[in-house]
Amino acid sequence: SQSYIVYLGSHSFGSNPSLLDSESVTNSHYDLLGSYLGSTEKAKEAIFYSYNKYINGFAAILDEDEAKEIAKHPNVVSMFLSKRYELHTTRSWNFLGLETDRGFANVSVWKKSLGEDIIIGNLDTGVWPESKSFSDEGFGPIPKKWKGICQVAKGNPDKFYCNRKLIGAKYFSKGFQAHLGEAENVNFDSARDTAGHGTHTLSTAGGNFVAGANVFGFGNGTASGGSPKARVAAYKVCWNGCYDADILAGFEAAISDGVDVLSVSLGGRSPREFSESGISIGSFHAIANNIVVVASGGNSGPQISSIVNVEPWTITVAASTIDRDFTSYVILGNKKIYKGASLSELELPPNKSYPLISAVDAKFDNVPPAFASICKEGSLDPKKVKGKILVCLRGESARADKGVQASRVGAIGMILVNDEDSGNGVIADPHVLPATNVGFADGSAIFNYINRTKSPVAYISKVKTEVGVKNTPTIASFSSRGPNDLDGKLLKPDITAPGVSIIAAYTQANSPSEQPSDKRRTPFVTMSGTSMSCPHVAGIVGLVKSVHPDWSPAAIKSAIMTTATTKNNNGVEILDSSLEKATPFAYGAGHVQPNLAVDPGLVYDLNVTDYLNYLCGREYTSDQLKVFYGKPYTCPKSFSLADFNYPSISIYELDVWKSLNVTRTVTNVGPPSEYRVEIQQPPQFQVTVQPEILRFTHKGEKKEFKVTITMKPNSKYVTDFEFGKLIWTDGKHHVGTPITIKYTDL
């Protein structure tokens, strides 16, 4: 038997279902399944979720033959297995800030007072309610629009609580339990976060101000989330992995509770067709109810086409560095010095060098070199390692786990060397021994020194916090890249935001290294991943929505994208971790600029009909559309995906002998203005815009323009992608739209 999600057509009631409405829907689910299983009693046993408010469907445990029969029922519009998703943090390699005054260093004073009416929900591993980031000091009464609860088990043995800041919490584990049966030592009756991921992400989006936040004394400052005055709610849908059935239940709860923004730091290994993904379907229903959904793009970079959560209605976030480093240097016996990253609180005794050994040289005789090189458990010989600094290669196992293995076999320190894919993207982790992470090129030099030196020695310096680091941000090596594998005509990611070594609140039920042997506890910790960049954007959405409560989710997304920058703090183009120039496939529209997002000048707006037409363009049937939309919808006779009013322009497979036209519509959200077009031309193409001037006389006025893209005469033919940018400016506002073109010589 397996867990299936069964979708039925639209609900007969409107957008505010009564309890009676919901109950009658659930009874109809029991009746439908009961007609196949022999009785409604059997159906009640099999169904573990009835989605009865916004989504019409159920999750049930069925065998394959039953599932095949049910799929034939005329009311069943879609049916798929409840699949597993992962959290988008990079602690462990096999998984696909609240910032101490750095990630949000450039957000002006207005964020300190705005947004008490905004509610940010988080689908994740729960929350640690005692964290100071969720203190309700200075908060007024809970907004009247809030319909949620603080869900606790009978008698509340877990002592979980909510307050005027953390206004709600719910937990959903039936999908996980249906897959795994009873898991040992897991309390399924609590929204308490025992992993730390949910506390970290929720505090990054909406954590209150906390003075003196730091990790073991490093990075000390006042912590605050993107919307420090917002109310927050936790939806615990992840246990050991996150399943479609629980994710959908979380989305439905968040919609009916009345959240304004949903932060979703989880996803699959590769994008799934929208009609078979709980995240796609849940997020569509959220958008249809005017909730902005922000999702992490995944941590499978730098491989191309690794980006996930590519729905056109969500904001998909990549990860980049910030201008703060936690620096620890490697000093070799040949006096060469290499800069690394670490949060080790332990330091080596000074004025002395220590013997240096690579993990391959430290292996047991019967262990394959590739296994030992990454410092896998059981691969290293303590006799060879004791008292030495061990050099481990990054990959496969968690970075902090390598330090635990090194420590177990008696190493006095560890140098963690990046693999080629990770480039120069180093990450500061709270290692259990003196340790530092160096880039690929520096690591190669260290291995060379070991191989060419009879008695190699090294020293690892103690950690120092550096702020105002130049040439930041850079794109994180792990951040998943475009082009969008599901639809090359839609650029993803949409935006990049801080996601490397982000300090935020943490659980007291887990160690900072997440290793069971590590008994340390800390109220704040660093984490890295698109899991961390996603809530930065969710927090910014909260601020924008607070200033512009009447804006649609698409308008808010457009404002964030068109005001982004592709330059770093030195004024040159943003680089990736291998120090090559990054492209829109790494950063989307660019790096988020919170202050500008509140006043974008013009927006590219979209509504639910546009998203349905987009699905029509993907050849969805009217039955498949019922999964997303409560009412029957008829696709238009013709719909061009090229004219989908997205804040980026992606041309996929342009015939080089023809020119191509794309139309877009902008809405004026500023004062009366005259906008002129500026074009950064893709090298082999001519991009022209008609008209070249847009005059707006009032707020809310819409203007259409046409973009024509033609191959330049005498262009040298290239099969790769080309990038450009279209900018509308009135002198004050710069409304930027990235252009990506792939073309084929037909």
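**Notebook: strands, helices and ring pairs**

**Entry 1. Strand E18 and its partners.** I began with E18, which pairs with strand E19 (residues 337-341) in the antiparallel sense over 5 bridges. Strands pair here if DSSP finds at least two bridges between them; strands (E, at least two residues) and helices (H or I, at least four) are DSSP runs, numbered from the N terminus. I note that the model is predicted, that local features need pLDDT of at least 70 and side-chain atom pairs pLDDT 80 or more, and that totals for chains, interfaces and linings use all residues. Residues are numbered from 1 along each chain as its sequence is written, and side-chain values use heavy atoms, with hydrogens and water left out.

**Entry 2. The E9-E10 hairpin.** I next examined strand E9 (residues 210-215), which runs antiparallel to E10 and is joined to it by 3 bridges. Val-210 stands opposite Ala-223 of E10. The hairpin leaves 2 residues between the strands, and Phe-216 in the turn shows a positive phi of about 50 degrees. How many residues of strand E10 (residues 218-224) are buried? I find 5 of the 7, so E10 is largely enclosed by the rest of the structure. Buried means under 20% relative accessible area and exposed over 50%, with partly exposed in between (1.4 Å probe, protein chains only).

**Entry 3. A four-stranded sheet.** I traced an open sheet of 4 strands with antiparallel pairing, in the order E31-E33-E37-E35. Strand E31 (602-603) and strand E35 (685-690) are its edges, each pairing on one side only. E31 is joined to strand E33 (residues 660-668) by 2 bridges, and these strands run antiparallel. Within that pairing, Leu-602 stands opposite Asn-668 of E33.

Entry 4. Tyr-614 belongs to helix H16 (residues 608-617) and Phe-644 to the loop between helix H17 (622-626) and strand E32 (649-655), so the pair ties together parts 30 residues apart in sequence. Both positions are buried: Tyr-614 has a relative accessible area of 1%, and Phe-644 one of 4%.

I also recorded Phe-705 and Trp-728, whose ring centres are 5.1 Å apart with planes at 70 degrees, so this pair is edge-to-face. Phe-705 is in strand E37 (residues 702-711) and Trp-728 in strand E38 (residues 721-729), so parts 23 residues apart in sequence are tied together. Phe-705 and Trp-728 are buried as well. The criterion is that rings of Phe, Tyr and Trp (its six-membered ring) pair if their centres lie within 6.5 Å; planes under 30 degrees apart are stacked, over 60 edge-to-face and the rest tilted.

Which residues do ring pairs link into a cluster? I list Phe-274, Phe-284, Trp-313, Tyr-611, Tyr-614, Tyr-620, Phe-628, Phe-644 and Tyr-646.

**Entry 5. Lys-742 over two rings.** I found Lys-742 over the face of Tyr-652, at 5.9 Å from the ring centre. The charged end of Lys-742 also sits over the ring of Phe-721, 5.8 Å from its centre. The cut-offs are NZ of Lys or CZ of Arg within 6 Å of the ring centre and within 35 degrees of the ring normal.

**Entry 6. Helix H11.** I compared the length of H11 (residues 440-452) with expectation: at 1.5 Å a residue its 13 residues should span 18 Å, and its end C-alpha atoms are 18 Å apart, which agrees. The expected span is 1.5 Å times one less than the number of residues. The buried residues of H11 are Gly-443, Ile-446, Tyr-449 and Ile-450. They cover an arc of only 120 degrees around the axis, which puts them on the same side of H11; the arc is that of the directions from the helix axis to the C-beta atoms. On the face turned away from that buried side I noted the exposed residues Asn-451 and Arg-452.

**Entry 7. Ser-546.** I looked up Ser-546 in helix H12 (residues 530-547). Is Ser-546 buried or exposed? Its relative accessibility is 14%, so Ser-546 counts as buried. Leaving aside neighbours within four places in sequence, Ser-546 is in contact (heavy atoms within 4.5 Å) with Leu-114, Gly-115, Asp-117 and Ile-118.
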